[in-house]
Amino acid sequence: MDVNFISHFNGLMAKVQEDDRLNASHVSLYLALFHYWNQSRFRNPLSVDRSELMRISKIGSANTYTKCLKDLHQWGYIEYKPSHNPFKGSMVQFLYFGKNSGNSPSSNSMQPKRITKGVNENKNYGEPL
């Protein structure tokens, strides 16, 4: 599935507006992740660097960063796989919130879709790309 930046962003913002669980740290972290994802040409999953994401999202506490990542995972915004290894980044799998480009009646559904662009199915999910 090809990712349409504008469609995904609009779908994400519609979801954010409806979700009262989110606070500014969640939104800021997701936008930093989205920036990383865009820069990697929407490769999925994506290895992430905690210090860089904290800097971009303006989150000053590692505890807040980790809590927000886990919340975003639990609430269906991303799939998060911590690495527990200081030499490997954690993996984030993005879900697509844009509209499908297909012709089926459900093609305009705003349900998140799993994207597998750039995934090597034989790789361990926790290995860096």
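**Close-up views: pocket lining and aromatic contacts**

**View 1. The lining of the largest pocket has six nonpolar, seven polar and four charged residues.** Charged means Asp, Glu, Lys and Arg; Ala, Val, Leu, Ile, Met, Phe, Trp, Tyr, Cys and Pro are nonpolar, and the others, including Gly, polar. The model is predicted; local features need pLDDT of at least 70 and side-chain atom pairs 80 or more, while totals for chains, interfaces and linings use all residues. Numbering starts from 1 along each chain, and side-chain values use heavy atoms, without hydrogens or water. Helix 4 (62-74) gives the most to this lining, four residues; helix 3 (50-57) supplies at least two (helices: DSSP runs of H or I, at least four residues, numbered from the N terminus).

**View 2. Tyrosine 30 and phenylalanine 34 form a stacked aromatic pair.** Their ring centres are 6.5 Å apart, with 20° between the planes (pairing: centres within 6.5 Å; stacked under 30 degrees, edge-to-face over 60, otherwise tilted). Both residues lie in helix 2 (residues 24-39), four residues apart, or about one turn. Tyrosine 30 and phenylalanine 34 are both buried (under 20% relative accessible area, 1.4 Å probe, protein chains only).

**View 3. Tryptophan 37 and phenylalanine 42 form an edge-to-face pair.** The centre-to-centre distance is 4.9 Å and the angle between planes 85°. Tryptophan 37 and phenylalanine 42 are buried.

Terms used
Rings of Phe, Tyr and Trp (its six-membered ring) pair if their centres lie within 6.5 Å; planes under 30 degrees apart count as stacked, over 60 as edge-to-face and the rest as tilted. Buried means under 20% relative accessible area, exposed over 50%, partly exposed in between (1.4 Å probe, protein chains only).
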